[in-house]
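Open your viewer, get ready to select residues by number, and follow along stop by stop.

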Amino acid sequence: MEALLKIAFNELGTEEIVGDQDNPEVLKYAKEVGIKGITNDEIPWCSTFVNWVAWKAGLQYSGKANARSWLNIGEKVTAPEPGDIVVFWRESPQSWKGHVGIFLGISADKKRVYCLGGNQGNRVSVSAYRLNTVLSYQRLAPVKGLDIPAPTLTKGSRGVAVVALQDALKLLKIDVGTSDGAFGSKTESGIKELQTRKPNLTIDGVYNAETRDLLESLFQA
């Protein structure tokens, strides 16, 4: 998620060119990810942008220009985190029309969702959309193979290895909160829950060699 957000934020301000000219940066999103039919920068490109960002980050992507194609990509989640994908309906929930962006947060009054996306005001921007128009939040997984960190990690450990561990646990539907790289009580509880999935494995909340073998075997299965 961190890589996806960094890539997307670097594109802030990329916008359409009014008139007959087209911004090659907008057309680049479709060309590089292989989406056909985006021949000018006035064709809706919200999904094209999210596809390009996800592709650049090495994550799952829909490969399609329609926003609702993201409803079938990744895992549906009910507690979104920054970097998840958010799909909105337009006109009506039953319509084929929609919008897709990268989730950033929810307003204090619980009425709006903030997301970073393309074709928002004809540019890559951060915009707010009504919470009651959300169709789904989707969490993407890596497409280049899951990063399973080496042991040993324990409560108090920090860094990218902990982020990888937290991401892996969440893909197994184990709640460890935000992947923040800090091995705290939630991550420890998540490891203990993981350890219950193998008989006779010591349930101590320590990510050791045996626990890594279990994690790897579950994904292979």
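Start by selecting Lys110, which counts as exposed because its relative accessible area is 58%; here buried means under 20% relative accessible area, exposed over 50%, and partly exposed in between (1.4 Å probe, protein chains only). Before you go on, note that this is a predicted model: local features need pLDDT of at least 70, side-chain atom pairs count only at pLDDT 80 or more, and totals for chains, interfaces and linings use all residues. Residues are numbered from 1 along each chain as its sequence is written, and side-chain values use heavy atoms, with hydrogens and water left out.

**Stop 1**

Lys110 lies in the loop between β3 and β4 (112–117). The helices (H or I, at least four residues) and strands (E, at least two) are DSSP runs, numbered from the N terminus.

Now jump to Asn200, in the loop between α5 (185–195) and α6 (209–220). Asn200 also is not a glycine and has a positive phi, of about 70°. Is Asn200 buried or exposed? With a relative accessible area of 83%, Asn200 is exposed.

Next, select Pro151 and Thr152, which are joined by a cis peptide bond with omega of about 5°. Thr152 sits in the loop between β6 and α4 (160–171).

**Stop 2: helix α2**

Color helix α2 and look at its start, where a side-chain oxygen of Asn23 comes within 2.8 Å of the backbone nitrogen of Glu25. After α2 comes Gly34, with a positive phi near 85°.

Show the side chains of Val26, Lys28, Tyr29, Ala30 and Val33: these are the buried residues of α2. Part of what covers them is α3.

Lys28 counts as buried because its relative accessibility is 18%, whereas Glu25 is partly exposed at 35%.

**Stop 3: aromatic rings**

A pair of aromatic rings is described by the distance of the centres and the angle of the planes. Rings of Phe, Tyr and Trp (its six-membered ring) pair if their centres lie within 6.5 Å; planes under 30 degrees apart count as stacked, over 60 as edge-to-face and the rest as tilted. How many aromatic pairs does a search of the whole structure find? The search finds 5.

Select Tyr29 and Phe49 to see an edge-to-face pair, 5.2 Å centre to centre with 75° between the planes. This pair links distant parts of the chain, with Tyr29 in helix α2 (residues 24–33) and Phe49 in helix α3 (residues 46–56), 20 residues apart. Both Tyr29 and Phe49 are buried.

Then select Phe88 and Tyr129, a tilted pair at 4.9 Å centre to centre and 35° between the planes. Phe88 belongs to strand β2 (residues 85–89) and Tyr129 to strand β5 (residues 125–130), 41 residues apart. Phe88 counts as buried because its relative accessibility is 1%, while Tyr129 is partly exposed at 23%.

**Stop 4**

The structure has 12 salt bridges. Select Asp84 and Arg139, whose side chains meet in one of them at 2.9 Å, N to O. Asp84 is in the loop between β1 (75–77) and β2, and Arg139 is in strand β6 (residues 134–139), 55 residues apart. Both ends are buried, since the relative accessibility is 1% for Asp84 and the relative accessible area is 11% for Arg139.

**Stop 5: the core**

Finally, select Phe49, Val53, Trp70, Val100, Ile102 and Leu140, the residues with the most contacts inside the largest nonpolar core, which has 24 residues. Such a core is a set of buried Ala, Val, Leu, Ile, Met, Phe, Trp, Tyr and Cys residues joined through side-chain atoms within 4.5 Å. The largest share of this core, 6 residues, comes from α3.

Conventions:
Salt bridge = Lys/Arg side-chain N within 4 Å of Asp/Glu carboxyl O. Contact = heavy atoms within 4.5 Å. Polar contact = N/O pair within 3.5 Å; in protein donor to acceptor, adjacent residues only side chain to side chain.
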